[in-house]
Amino acid sequence: MEQDNETSGGDFILLGFSDQPQLEVILFVVVLISYLLTLVGNTAIILVSRLDSKLHTPMYFFLTNLSFLDLCFTTSTVPQLLWNLKGPAKTITSTGCAIQLYVSLSLGSTECVLLTIMAFDRYVAVCRPLNYTTIMHPSFCKALAGMAWLSGVGNTLIQGTITLRLPRCGHHQLHHFLCEVPAMIKLACVDIRANEVQLFVATLVLLLLPVSLILVSYGFIAQAVIKIKSVQAWHKALGTCGSHLVVVSLFFGTSSAIYIQPKRSYGHIQGKFLTLFYTVVTPTLNPLIYTLRNKDVKGALKRLLRREQIS
């Protein structure tokens, strides 16, 4: 490929969708719109949750963390993707690639743990309502959020460092649109079976284990909801839990498909679209899901807008 000769020694070539120029034009517009919506939607949720005193609850504390995480997650990948989609240059420096790998992996890992913590919060709210404020104390919530962020940092320091230290023997063409572990280890010119095992173990811990814990939490929630006789309480429980379940399904469904079977996914157009979905589309949909299905957020938005009009 001609781009090989046009790049400096350490730069990587993100092939992405370069074999489909017409698709790149469409994707540029779609990704740009999605990114702008992500910025607006998640910033709005953070501001509303902070400014409205009625939303100063554990659920919205974790939702604020999720929105901030999504802002950082998309910003770590989308600007470079847009740059590569708009022109012939598909390169990223080795330093830029390393930063993208570390940051996106850390934030993705953090989201896995954070979504699990949010499921636990919903379990306590529905199954232990009388003890909710005692269990979900602000200091405990901060500790849980801190654990989520630290687990992401720990995972990326281990996986990212091992991946970047693999010898590549001059291979710089990534059959993907971002620097990610499954794509990076394919550039190695040594036996990568140990790396694939390590990736699989990390997937079990950060994807399948959280999914299992979330399913268990919602199993208990389902049992509790069935016993609720009040229709209003039943709808409220389904409303708050339903939003979280949709977000969990979107994020874990697509990311699991990539990381559980990387050999089948990477290098194929379907795998690229799955990655595009959980890195670009899901962060865009999260604010819409939580806003459209949540009366508290919609009520807070109306109160803030009314306050602005009065002032």
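This briefing walks through the helices, salt bridges and nonpolar cores of the chain above.

The model is predicted, so local features need pLDDT of at least 70 and side-chain atom pairs count only at pLDDT 80 or more, while totals for chains, interfaces and linings use all residues. Residues are numbered from 1 along each chain as its sequence is written, and side-chain values use heavy atoms, with hydrogens and water left out. The chain holds twelve helices and three strands, taken from DSSP runs (helices are H or I, at least four residues; strands are E, at least two) and numbered from the N terminus. Of its 311 residues, 49% are buried, where buried means under 20% relative accessible area, exposed over 50% and partly exposed in between, with a 1.4 Å probe and protein chains only.

- Helix H2 runs over residues 21-51, and its 31 residues reach 45 Å from first C-alpha to last, close to the expected 45 Å; the expected span is 1.5 Å times one less than the number of residues.
- Buried positions in H2 include Glu24, Leu27, Val31, Ser34, Tyr35 and Thr38.
- An α-helix has 3.6 residues a turn, so residues three or four places apart point the same way.
- Helix H8 (residues 193-227) has 35 residues, which should span 51 Å; the end C-alpha atoms are 49 Å apart, in agreement with that.
- H8 also bends by about 35° at leucine 204, the bend being the angle between axes fitted to the seven residues ending there and the seven starting there.

**Salt bridges**

- The count of salt bridges is three, using a side-chain nitrogen of Lys or Arg within 4 Å of a carboxyl oxygen of Asp or Glu.
- Lysine 90 pairs with glutamate 24 at 2.7 Å, N to O. Lysine 90 sits in the loop between helix H3 (58-86) and strand S2 (91-92) and glutamate 24 in helix H2, so the pair ties together parts that are 66 residues apart in sequence.
- Both partners are buried: lysine 90 has a relative accessible area of 4%, and glutamate 24 has 9%.
- Arginine 122 bridges to aspartate 121, with the closest N and O atoms 2.9 Å apart. Arginine 122 is buried at 8%, as is aspartate 121 at 1%.
- Arginine 193 and aspartate 191 form a salt bridge, their closest N and O atoms being 2.7 Å apart. Here arginine 193 is exposed at 58%, and aspartate 191 is partly exposed at 48%.

**Nonpolar cores and contacts**

- The largest nonpolar core has 64 residues, and Phe62, Leu66, Leu115, Leu174, Cys179 and Phe252 touch the most other members. A core is a set of buried Ala, Val, Leu, Ile, Met, Phe, Trp, Tyr and Cys residues joined through side-chain atoms within 4.5 Å.
- Helix H4 (residues 94-127) gives this core its largest share, 13 residues.
- A separate core of twelve residues has Val31, Leu82, Leu276 and Val280 among its members.
- Beyond its neighbours within four places in sequence, leucine 174 is in contact with residues including Ile13, Cys97, Cys179 and Leu187; contact means heavy atoms within 4.5 Å.
- Among contacts between residues at least 6 apart in sequence, 77% join residues at least 24 apart.

**What the record says**

- An unreviewed UniProt entry annotates "transmembrane region" over spans including 25-48, 60-79 and 200-226; such annotations may be inferred rather than shown by experiment.
- In the model, residues 25-48 are 100% helix and 0% strand, with end C-alpha atoms 35 Å apart.
- Residues 60-79 are likewise 100% helix and 0% strand, and their end C-alpha atoms lie 28 Å apart.
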